[in-house]
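Biologist: I have a structure here that I'd like to go through with you. Can you take a look?
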Amino acid sequence: MRFVRFGARGAEKPGLIDEGGTIRDLSGIVDDLSGQALDPARLAALSRIDVTTLPAIPADVRLCKPVGRIGKIVGVGPNFPVAASLAGFKVNPEPTLFLKASTAACGPNDPIEIPRLATRVDWGVEIAVVIGRMAKSIEIEGASSVIAGYCLANDLSERNHQLQRGGQWTKGKSHDTFCPLGPWLVTPDEVGDPGSIDLFLEVNGIRQQEGAAADMIFKIPYLVSYVSRFMRLEPGDVILSGTIGGVGLSYDPPRFLKAGDRLRVGGTKLGEQEMMCRDE
C-alpha cells in the first residue's frame, strides 16, 4: 500500500492511494501516520478497508512528509562505492552514522531553503527506511519485521557546515527543509526487494544522479540492525540509507544549489519529488 499525508501545514491528515491513483482520506480511521499507527500489522489491517467508502481528495492537494511525528533521522555516510570515490569520502569497515535534525524533514514538493551565507548546498537522493516497531539490538534476520515502509528522500547538505565547521556532519545536514520525504510511505510488500529500486535526481532538467540501490555496500536489513545496536529505534524514526554517485561535491568543478534552481527526484515504486530552491 501507499500511504500519504496531505493538507496545509498544521492541519495535515493521513491518507492512502487507491488503485486508480486517487488520494483517499483516512482521518476517520486513524488520527495520523505516526507512533503505533505505523506498526506493520496495523498498516496491513488498513489494506482490508473498502477504500471506495473513504472520501476522495483533490489531486492538487499539498502532500506532506508521509510520517507524522519523526523522533530522529539517522543518516548513513558513504554507502555506495562509486559515490564515495567520486566525492572523496572513505568507506569504513562499519557504516558511518550521523544524526539529522527531525526539523529538517519536509514535504516532497515544499521549497528548499538555502541557508544564509551558504555557498555549497548539495543534494543526495536516497531510500528512507521508516521504523514501525521498537527495535533495540535486533538481529539482521528480524530487521524486516520492524520496518513500516520506505519512502523517497533527498539528503541535502551544506558542505562548508558539514566539513569545514569542526567536521561535525549534523551541522551541515540539519537546516530546515534539508530532508524532503515522500510523496508516499510504501509498505514493504509493495516495494519487494529494496535493492530493485533505481534512483535519480535532476537539477534544472539535467540528470545529476542515476543509479541502483542494488549497489549498496551495507544493505537495509544490516543497517537497521546496526543502528539498533547503538540507539533504540522507535516508531516514526527514519534511517537514510545513503546516496548514489553524482552529488554536487563530486564534480570538477563542484556544482551546488542556488535560489531558483528546480529539483526533480525519483525512485522506482517510491514516486517523485519536485521542488524549487529559495533563499532563507
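Biologist: How far is the sulfur of Cys179 from the closest cysteine sulfur, and in which residue is that sulfur?

Modeller: Keep in mind that this is a predicted model. The closest cysteine sulfur to that of Cys179 is in Cys106, at 7.5 Å, which is too far for a bond.

Biologist: And Cys179 itself, buried or exposed?

Modeller: Cys179 counts as buried, because its relative accessibility is 0%.

Biologist: What about Cys151, which cysteine sulfur is closest to its own?

Modeller: That would be the sulfur in Cys179, 8.0 Å away, so this pair is too far apart for a bond as well. Cys151 is buried, with 0% relative accessible area.

Biologist: Different topic. In what order do the strands of the five-stranded open sheet run?

Modeller: The order is β8-β19-β18-β15-β16, with mixed pairing. From one strand to the next, the twist averages 20°.

Biologist: Which strands stand at the edges?

Modeller: β8, residues 112-114, and β16, residues 206-212. Each has a single partner strand, so one side of each has no neighbour in the sheet.

Biologist: In which sense do β8 and β19 pair, parallel or antiparallel?

Modeller: Parallel, over three bridges; β19 covers residues 271-279.

Biologist: Which residue in β19 does Glu113 stand opposite?

Modeller: Glu113 stands opposite Arg278.

How values were computed. Residues numbered from 1 in each chain as written. Predicted model: local features only at pLDDT ≥ 70, side-chain atom pairs only at ≥ 80, totals over all residues. Heavy atoms only, no water. Pairing = 2+ DSSP bridges. Helix = DSSP H or I, 4+ residues; strand = E, 2+ residues; numbered from the N terminus. Axes fitted to C-alpha atoms, helices over the stretch in contact; angles between N-to-C directions. Disulfide = S-S within 2.5 Å. Buried < 20%, exposed > 50% of the residue type's maximum accessible area, 1.4 Å probe, protein only.
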